[in-house]
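Hello,

Here is the structure you asked to take over. Please open it first, then read my notes alongside it.

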Amino acid sequence: MKHLRPINRKAERIDQAASMTEEDVVALQQQPDPKKPHVPMGCSLAFFPGWEVDAGGGTAGLCQPVERDIYDCYVTCFWPVQVADHVNYSPDWASNCAIATKDWRKLDLVFP
Amino acid sequence: MKTLRLGLIALWAAATAALSPAQAGTMFLGGYPSQLMVIDEAKGAVTQEIDLKTGLPMSMRLSDDGKLLYATTITTSGIEVVDIATRKIVNSFSLNTPGVRYRFTGGVADRSGRYFYILGTRIDKGVDSYRISKQQFMVVDLQTKAVVRTADLEPDDQKFSFRGALMLSPDGKTLYAFRDKVIVVNTADLKTVDHFDLAKPDFPGMQEVSFGGGVGRLQTPGQFVSLFETEDPYIHNKTFGVARLDLDTRQFSFTPIGPSPKALSGLEVSPDGKFGYTVAVIGDLGSQRCEFWRFDLDKNRALDKAEFPCRRRFYFGISGDGRKLYIYGAGFDVAVYDAKTLKPATAWELTHDITMSGMVITR
């Protein structure tokens, strides 16, 4: 946002207040609590990268094989676009598949 | 003569069994899509599957007398009670109705077996919207199969996570919620009466499942022993150590051991109460390393450690006889390690993918 400049006094005060917050002196190892989203129910507000990349943008952080990770993501909506939503819409998605790594072909199809 | 010999052999066998400090037990693990797997620790194989009526198991908790297993399920916000001796479901119900849903991940039953304490939220479906309650302590009546009492957590305790194991004092008067702080609650009115600035070490990917083993192995009734971490108020360096919490008197002692690694699992305790084990995770993603750490719980100090191959997400447990350490999930297998040498021993393939419900072992 550095290309934006305040053009009136109110905007200037906002800019000053924002810069004061940013330039606060903190201890080197101080880590503020990360802000986490409030997800009231289900998956509607969660967006994470897909199966192809991990949280760091690579592949080293993925489960091996990735099918190991299908079910826990199915329950917790970690990858809500790629995996069905257990809690709200697809409670039976995995009912014919006990082991995702071996039997993933038995997973149900989900149509929007 | 033959009869006498057989009698002596039988007597010797009985005496050996009685003197044996610990035996391999029976393991209960949650399985997808809606099972509890019963595993014989000696054989390393699934011997029975218990179908849950209310859906996918998300937590398990053994009653104080070890006779009942309480499982909570997420699919329909259910609670199922399993009789350990017969392995039959003796109570099963869902809290959800067409207009009301609940979200919670675990709980604890009182000693009477009548009431079940949970921490969660209630969602009411309106004509054009959903009304979501604040996070609440709730009391479920296991006989009437309904939530009978609720109380909102204090505003400062309204955190995003539903996770946070619950413990109940033996006299049933105090409830403890282990989150980023320990919240102490009076069960009579569900009001928060105190906080301890201690947190259970936890990290994304390793769920808070250590209570199944750790609590079951307590040598001193009414006392909860586990790893906790604390941080100083200025630099915010985190230190981990062993904390002992007296559940009746609400007193705790904390003995620091060293600086906290990036992540630390819960404490698993050997049956004799002398040794504790945990898993430390150092680094992240491609540079992640995992280590077993062993502690002398009499002297509150670390004894040794050993590296093992990381899984991206996993849970940690200990066998009923304390001789084996388990790394399990995500997936369908359990990696078994020797608790003495901390070296890999074998691996068991199960019949279902393992859920996040943790591990309960009975003997």
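For the complex, the predictor gives an ipTM of 0.77 and a pTM of 0.83. Chain B has an average pLDDT of 85, and 87% of its residues score at least 70. Two stretches of chain B need care. Over residues 1-21 of chain B the pLDDT is below 50, and this stretch has 2 contacts in the model beyond near neighbours in sequence. Over residues 203-218 of chain B the pLDDT also stays under 50, yet the model has 48 contacts for them beyond four places in sequence. Where pLDDT is low, the predicted coordinates should not be read in detail.

Now chain B as a whole. It holds 2 helices and 29 strands. Of its 363 residues, 42% count as buried. Take the contacts in chain B between residues at least 6 apart in sequence: 44% of them join residues at least 24 apart.

The largest nonpolar core has 95 residues. Those with the most contacts inside this core are A:Tyr74, B:Tyr117 and B:Tyr326. What does B:Tyr117 touch, leaving aside neighbours within four places in sequence? Its contacts are B:Gly107, B:Val108, B:Phe137, B:Val139, B:Leu166, B:Leu168 and B:Leu175.

Next, two hairpins in chain B. Strand S5 (residues 68-73) and strand S6 (residues 78-83) of chain B pair antiparallel over 6 bridges. B:Tyr70 has B:Val81 in S6(B) as its bridge partner. The hairpin of S5(B) and S6(B) has 4 residues between the strands, and B:Ser77 in the turn has a positive phi of about 55°. S6(B) also runs antiparallel to strand S7 (residues 88-94) of chain B, joined by 6 bridges. Here B:Gly78 has B:Ser94 in S7(B) as its bridge partner. S6(B) and S7(B) form a hairpin too, with 4 residues between them. In that turn, B:Arg87 has a positive phi of about 60°.

Further along chain B there is an open sheet of 3 strands, antiparallel, in the order S17-S18-S19. Which strands are at the edges? They are strand S17 (223-231) and strand S19 (251-259) of chain B, each pairing on one side only. The twist averages 25° from one strand to the next. Strand S18 (residues 238-246) of chain B pairs with S19(B) over 8 bridges, in the antiparallel sense. B:Val242 stands opposite B:Thr255 in S19(B).

Last, one loop residue. B:Lys173 lies between strand S13 (166-168) and strand S14 (174-178) of chain B. Is B:Lys173 buried or partly exposed? It is partly exposed, because 14 other C-beta atoms lie within 10 Å, and a buried residue would need 20 or more. Not counting residues up to four places away in sequence, B:Lys173 touches B:Asn186 and B:Thr187. The C-alpha atoms of B:Lys173 and B:Leu247 are separated by 9.5 Å, though these residues are 74 apart along the chain.

Best wishes

Methods
Residues numbered from 1 in each chain as written. Chains lettered and ligands numbered in written order. Predicted model: local features only at pLDDT ≥ 70, side-chain atom pairs only at ≥ 80, totals over all residues. Core = buried A, V, L, I, M, F, W, Y, C linked by C-beta atoms within 7 Å. Buried ≥ 20, exposed ≤ 12 C-beta atoms within 10 Å, placed from the backbone. Contact = placed C-beta atoms within 7 Å. Pairing = 2+ DSSP bridges. Axes fitted to C-alpha atoms, helices over the stretch in contact; angles between N-to-C directions. pLDDT = per-residue confidence, 0-100.
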